[in-house]
Amino acid sequence: MPPELADLIGQNIALIVLAFVILLAVGRAVRIVPQSEKYVVERFGRLHAVLGPGINFIVPFLDRVAHRISVLERQLPTSRQDAITADNVLVQVETSVFYRIIEPEKTVYRIRDVDAAIATTVAGIVRSEIGTLELDQVQSNRAQLIERIRDSLANIVDDWGIEVTRAEILDVNLDEATRAAMLQQLNAERARRAQVTEAEGRRRAVELAADGDLYAAEQQSKAKRLLADAEAYATAAIATAIRDGGIEAAQYQVAMRQVEVLAEVGKGQGKQTVIVPASAVEALGDAFRMLRGTK
C-alpha cells in the first residue's frame, strides 16, 4: 500500500468506521416484507410489532426479526381416525383441513406445533360429532356434518390466530361385516321397491280395465236410451196415424211389417224355399188396396 493512501486511511479511519456503521444501521433498520409473509419483531426478547407486506422500519440493534411467518393457505396431510356412531357402528373417517395464519403473534407465542395441534383437535371433534349421529345420518347429512366440524374447529383455533378456510370429509369407510350387512339391506330394499312397483302396476291395470268396462256400459246405456227414444217416437207416430186414419192405418202398418219380414227372409244365401202363409198374401193385397185408396 502506498504511504500516501495509508496516511489517508489513517487520518479518516474514524469517518470510514462511522460510514460503515451508518450503512449497517440502515440495512438493519429497513425491512422489505413479501406479500405472502408477515414478520414478528422482538425488542429485547419481547414482542414489539408485526410487520406487514411492503417497506418497514425498525430500530437497529434494538429490534430484530424473530419470526418470518407465511400467510398462505396451508393444507394438513390427510388423516384417518376411527369413530363410533350413535348406533354403535365403527367407521374410519378421512379428513382434510385447510387453514391460514392471520395473527402471527398468537401463533408464535401460544402454540408450538400448529399442524399437530390442529390434527389432534380435528380428530377429537370428528369423533364427538359422529358419536351423536347414526350411520345413515352420517352418510346422508355429510354436508351438515362438515359444517359443524368446521364451526367447532374455528372456535378452538381462533386463540391461535388461525382461520380455518375449509374442512372436508373425504370418505367414510366401514368394516367388511358392516359393509356386507348394508349390502344385504340394500338388496332387500330394492326387492321391496320392485314388489311395490309391480303391485302398483297390477292395481293400475285393474283400474283401467274397470274404467273401460264402465265406459262401455255407459255407451251401451246411451245406445239403448236412444233406441228406446226412437221406438217411442215411432209408436207415437203410429198412434197418431191410427187416431187420424182409423183402423185402416193400423192394418196398413201391420201389412207393411209383414212385407219387410218376408223381404228379409228372401235375402238368405243359396237356394231355399220360403213358405208364405195365406194371411201374409192377403195382408200384402190389403196393403196395396189401402195404398191405392190413399192416392
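Which residues in α4 meet which residues in α6? Ile118, Thr121, Val122, Ile125, Val126, Glu129 and Ile130 in α4 meet Leu145, Arg148, Ile149, Ser152, Leu153, Ile156 and Val157 in α6, where contact means heavy atoms within 4.5 Å. This is a predicted model, in which local features need pLDDT of at least 70 and side-chain atom pairs count only at pLDDT 80 or more, while totals for chains, interfaces and linings use all residues. Residues are numbered from 1 along each chain as its sequence is written, and side-chain values use heavy atoms, with hydrogens and water left out.

**Confidence**
- The protein chain has a mean pLDDT of 80, with 77% of its residues at 70 or more; pLDDT is the predictor's confidence in each residue, from 0 to 100.
- Confidence is highest in β2, at 94, and lowest in helix α9 (residues 278-294), at a mean of 55.
- Helices (H or I, at least four residues) and strands (E, at least two) are DSSP runs, numbered from the N terminus.
- Where pLDDT is low, predicted coordinates should not be read in detail.

**The α4 and α6 pair**
- The axes of α4 (residues 114-130) and α6 (residues 142-157) come within 10 Å and cross at roughly 135°.
- Axes are lines fitted to C-alpha atoms, for helices over the stretch in contact, and angles run from 0 to 180 degrees between N-to-C directions.
- By class, the contact of α4 with α6 has 10 nonpolar, 2 polar and 2 charged residues (Ala, Val, Leu, Ile, Met, Phe, Trp, Tyr, Cys and Pro count as nonpolar, Asp, Glu, Lys and Arg as charged, and the others, Gly among them, as polar).

**The sheet β3-β2-β5**
- An open sheet is formed by 3 strands in the order β3-β2-β5, with antiparallel pairing; two strands pair if DSSP finds at least two bridges between them.
- At the edges are β3 and β5 (63-70), each pairing on one side only.
- From one strand to the next, the twist averages 30°.
- β2 (residues 37-43) is joined to β3 (residues 46-51) by 5 bridges, and to β5 by 7 bridges.
- Arg43 stands opposite Arg46 in β3, while Glu37 stands opposite Ser70 in β5.
- The hairpin of β2 and β3 has 2 residues between the strands, and Phe44 takes a positive phi near 55° there.

**The β7 and β8 hairpin**
- Antiparallel strands β7 (residues 79-84) and β8 (residues 90-101) are joined by 6 bridges.
- Arg80 stands opposite Glu94 in β8.
- With 5 residues between its strands, this hairpin has Asn88 at a positive phi near 60°.
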